[in-house]
Amino acid sequence: MAKKEKYMVALDVGSTKTCAVISEVDESGIGAKFVSMGAAETKGMRKGLIANLGATAASIRRAVEEAEGIAGIPVERAIVGVAGGHIRGVNSRGGIALGHRSRDIEREDVRRAVDAARNVTLPEDRVVLHVLPQEFWVDAQDNIRDPMGMVGQRLEVNVHMVTSSASAMQNLVIAINQAGIEVADTVLEPLGSAEACLTQDERELGCCLLDIGGGTTEIVVFGNGMLRHAAALPVGGDHFTNDLAVGLRTPIPEAEKIKRQHGCAFQDLIGEDQAIEIASVGDRPPRTVFARMLNEIIEPRAQELFSLIRDELQRGGFSALIPAGLVLCGGGAHLKGLPELAERMFNLPVRQATTRGLAGMPQELSQPEYATVVGLLLYGARARRQAPQRPTNFVAKIRSMFAAG
């Protein structure tokens, strides 16, 4: 294996934190082992979108340099996670005729059928991030996962297309390039997270993964082992922090600390109404608040978030198709009481994600906020197994679009 192919790097540029993980690819080229991790506070991002290119690039550079320093390996290329309110998902169907007589279905036929399904008109500012086959039809037979080698006269496929804003993606690529890194591939963040924290049983039975970040919450729905729906909501952990800062008249850093240490989104979990000393704004003396006061601020925002998620699932017709329940990942999943509140509102099982799957990774990476960066590596390893020479068509497309402009 060439030296430059020996290592695989994942980069998660979140609204609050940027994380880079370096893994070593085994001799077969398909397995990955943890090597090092670097993290830095993200500057210049707002609700999953870049607001300051230079600040974001500097955050990326700090995270990458930390990982490089620990591993003693220079990072040149990375698999990059994509998220934010600009993400959209749409279902499409297409097919091809195989001829007047039945014949064997080959890989090229599958590719042509998928291309036919993705041949839909999109607004000029949208680019396709993923085209994910859901099921195939061969003549009158439906619900086929892999039609290769089957015999028929017509092949059709249902796909789920994930699209993103071209300008938002171009800005992300520019920031990463300014940090000295080439974008090897782009992956929808919750799709990567699913690789690291969903079981195959959950994917088959039907479940919803919620990636609760700082500025946004990403939603993906799985059923029969395939991605069925993807969406993003403009509500995340930072909104809980801002609510506390305003409601308690305390600085943002203090509100974040209070949320992590004492916040609870489910009133039934609050025992003794303990007193909590908080800092005031400016030179004013500290004040005392009580745990129930925090809950009265946090729980309505959590109810709003889950109501938006419920509305999104109902619009897509998925409310009754997720019997395996909900899985919460991302930094926002740490908020005490969120799983219990979600269980009450959805009447479904809910669990906090545990990240797994990367050999040799430290215990720290098992936390839900690292599901994305670990999942990106697992996604990259799986892509190598399925198509070792997978081209980065998405990155090439947005580059060509802006070059033409």
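Trainee: Which residue in strand 10 is the bridge partner of Phe-136?

Mentor: This is a predicted model, where local features need pLDDT of at least 70 and side-chain atom pairs count only at pLDDT 80 or more, while totals for chains, interfaces and linings use all residues. Residues are numbered from 1 along each chain as its sequence is written, and side-chain values use heavy atoms, with hydrogens and water left out. Strands (E, at least two residues) and helices (H or I, at least four) are DSSP runs, numbered from the N terminus. In strand 10, Phe-136 has as its bridge partner Ile-144.

Trainee: How many bridges pair strand 9 with strand 10?

Mentor: Two strands count as paired if DSSP finds at least two bridges between them. Strand 9 covers residues 126-138 and strand 10 covers residues 141-144. They run in the antiparallel sense, and the number of bridges is two.

Trainee: How many bridges join strand 9 to strand 12?

Mentor: Strand 12 spans residues 154-165 and runs antiparallel to strand 9. Within this pairing, Val-127 has Ser-164 as its bridge partner.

Trainee: Why is strand 9 said to be largely enclosed by the rest of the structure?

Mentor: Buried means under 20% relative accessible area, exposed means over 50%, and partly exposed lies in between, with a 1.4 Å probe and protein chains only. Strand 9 is largely enclosed because, of its 13 residues, the number buried is 12.

Trainee: What relative accessible area does His-160 have?

Mentor: His-160 lies in strand 12. The residue counts as buried because its relative accessible area is under the 20% cut-off. The value is 1%.

Trainee: Which backbone atom does the side chain of His-160 reach at 3.3 Å?

Mentor: A polar contact is a pair of N or O atoms within 3.5 Å; within protein, one must be able to donate a hydrogen and the other to accept it, and residues adjacent in sequence count only if both atoms are side-chain atoms. The His-160 side chain reaches the backbone oxygen of Arg-228 at 3.5 Å. At 3.3 Å it reaches the backbone nitrogen of Ala-230.

Trainee: How far apart in space are His-160 and Met-226, C-alpha to C-alpha?

Mentor: Among the residues that His-160 touches are Leu-227, Arg-228, His-229 and Ala-230; touching, or contact, means heavy atoms within 4.5 Å. His-160 and Met-226 are 66 residues apart in sequence. In space, their C-alpha atoms are apart by 9.4 Å.

Trainee: What separation do the C-alpha atoms of Ala-184 and His-239 have?

Mentor: Ala-184 is found in strand 13, residues 182-188, and is buried with a relative accessible area of 13%. Along the chain, Ala-184 and His-239 are 55 residues apart. The separation of their C-alpha atoms is 32 Å.

Trainee: Which side chain makes a polar contact with the side chain of Glu-195?

Mentor: Glu-195 is found in helix 4, residues 189-197, and nine of the nine residues of that helix are buried. Residues that Glu-195 touches include Arg-203, Leu-378 and Tyr-379. The polar contact, at 2.6 Å, is with Arg-382.

Trainee: Which are the edge strands of the open sheet of five strands?

Mentor: The strand order is 16-15-14-19-20, with mixed pairing. An edge strand here pairs on one side only. These are strand 16 (226-233) and strand 20 (350-352).

Trainee: Which residue of strand 19 is the bridge partner of Leu-210?

Mentor: Strand 14 (residues 207-212) and strand 19 (residues 326-329) run parallel and are joined by four bridges. In strand 19, the partner of Leu-210 is Leu-328.

Trainee: What radius of gyration does the chain have?

Mentor: The radius is taken over C-alpha atoms, and the globule rule is 2.2 Å times the number of residues to the power 0.38. For 405 residues, a compact globule would be near 22 Å. The chain agrees with this, at 22 Å.

Trainee: How many helices and strands are there in the chain?

Mentor: The C-alpha trace spans about 85 × 50 × 45 Å along its principal axes, and 53% of the 405 residues count as buried. The chain has 11 helices and 20 strands.

Methods
Lists of a residue's contacts leave out its neighbours within four places in sequence.
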